[in-house]
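Work through the exercises below with the structure in view. Try each task before reading its solution.

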Amino acid sequence: MLTIDEALKLLRDGEKRQWLIADWGWHISGRGNGGVYIGLVRGDTADNCLDDASWTVSKGDGLTGFSMWWEGGEERTEYSYDPASRESWPLVIHRDFHGLEQDQFDLLEEFRLFHNLWHDRKTDNYYKILEDGTKQKVVFRDSSGAMLVDTVAIRKFCAARGLKILLQVDSVQFFDEPQEESSEEITDSGLCASRHVTNDSISGKPAFGRLLGKRLIEALPIENCGVWPYEDESTYEAFIIGTRDDGSDAVFTSDPDELADYFGNNADKPHYLTPIHFRKDVLKKYLEKPSLYSVEDGYLRCGSMWGLRMDNDHEDKVVVFLGDLGRDLPESEQRYWRSFNVRPDGGLSETCFKRSFLAEFADPTNPDLAIKFERRRLLEKWHEAFGFELYVEFHKDDAGVLTDLRVPISDEWIEFDRCTIAATKVFIDYLNESQLAKLAATEVARMKANDPDKPVRGIDKLQAWLRQNGGGNAPEDLIASLRLLQELRSKSAAHRKSSALTALLTDRGLDDESPREVYRQLILEPMLDYCRRLSEFSENHTQVSE
């Protein structure tokens, strides 16, 4: 609850607060009751609303209905959906269902549409989706039940709509001790309030006070409403394009209008297609948020909001054309990429060169990209050859697991474990066990008979299928790669590190290698071979069948 002093401070603070209370009501036995409510006003209503302290916009306004009046001696009736009046609107519309269902609260539709707010129906909060794909909270309920609205957001809306914000407060406070009685009318600039304190036992307490008041808050200037044609002027980050004669970094803006092109524009300036180099870990932010971003072969996208062409077919860097950085990345993302910018070292990958300048199709060569390409190819070839899916669809909560099927960006074991778990899910956990077991029932039964105490799991079922259905050309030796992957997960990712992992790496001659190199040699390269050879096996089967 708000005491009468806190209520008055709320009014006086007005637009200085980051969050305005849009709607709140409280009733605390023995302490007090009251509420806060925001209205939006204009015209004569805005001009006259501070003539007295009583509320201008009430809870319950904003619903549909008919209005009746007399005109020229005749009764007129008209259906209306002008909330409250033609000059006032509630920001939060209250609807009750006579105690039969829980009351509902609707945010003014035009405000939601103006900011294109996303409504999280689980929390009843509203968010604005920013350029980088993240969500900015605009309206939410706090732990006390108060609905808060971002002050700048509502002032921007009022700027475009020609409205003013009317912050209304009514607070009744009970006191446990007698008070000095007082009564005053407060008429500060933009504020009208009535404050009374009296010693009256009718409330069951020695004294009570009431603060009833309103504060009129101006909109921002329309030039600051933030939507077209009043958007902020775009700025462009400068990136390293090479070195100067003195050895310092040579930088140039990514503004496409300032760059040279093949049509003779800005001939003395760096070209739009100047390659800009970045450390590979620039992608880590995007890899860790697969729900927002998709890191693909030659492309980075944030939903359908924006996308960036890139040359990521390198082991330790990413290359992007200078003009694309300015044209395709939001300003906040340009600043982020600038922090990973390094001096050019080498050129474009062969893959990127063929695609960008020769208009040729080119498969990626970097293992991170190649393994995803080869896995897709395997799925297609296998289904074409054998009529069922080798792997089942990912669960919705594992939808981003392919993102972590890659060489770890850092040389940290914790990232090695993350990527190992991803590879195990992709190549072992999502094997189509039911179909494999069904189509290799004879061999599965033989496995169980030979070792009754050993459960037949996914890898065993694939091996059984290859034995029973693959003929003499079945690449059964690939099963060893899956078992090694499972072993690595068990000894590194799924349990604490131990001497067992050290012994495994020593046995493979990798005890002095980095986690990145271990992953490359023991997981990524074997899984690439697994995909390619099973694809070839499937393709050969199709050709024989034809």
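**Exercise 1: Strand E11 and its partners**

Task: How many bridges join strand E10 (residues 135-141) to E11, and in which direction do the two run?

Solution. Three bridges join E10 to E11 in this predicted model, and the two strands run antiparallel. Now pick out a facing pair: Arg141 stands opposite Met147 in E11. Next, look at the hairpin of E10 and E11. Five residues lie between its strands, and Gly145 has a positive phi near 95°.

Then turn to strand E1 (residues 19-28). Four bridges join E1 to E11, again antiparallel. Here Ile21 stands opposite Leu148 in E11.

**Exercise 2: The side chains of E11**

Task: Which way do the residues of strand E11 (residues 147-150) point, and are they buried or exposed?

Solution. Now apply it. Met147 and Val149 point one way from E11, while Leu148 and Asp150 point the other way. All four are buried, that is, under 20% relative accessible area.

**Exercise 3: The whole chain**

Solution. Next, check the extent. The C-alpha trace spans about 100 × 75 × 60 Å along its principal axes. Finally, look at burial: buried residues make up 44% of the 546 residues.

Note on methods
Residues are numbered from 1 along each chain as its sequence is written. This is a predicted model: local features need pLDDT of at least 70, side-chain atom pairs count only at pLDDT 80 or more; totals for chains, interfaces and linings use all residues. Side-chain values use heavy atoms; hydrogens and water are left out. Buried means under 20% relative accessible area, exposed over 50%, partly exposed in between (1.4 Å probe, protein chains only). Two strands pair if DSSP finds at least two bridges between them.
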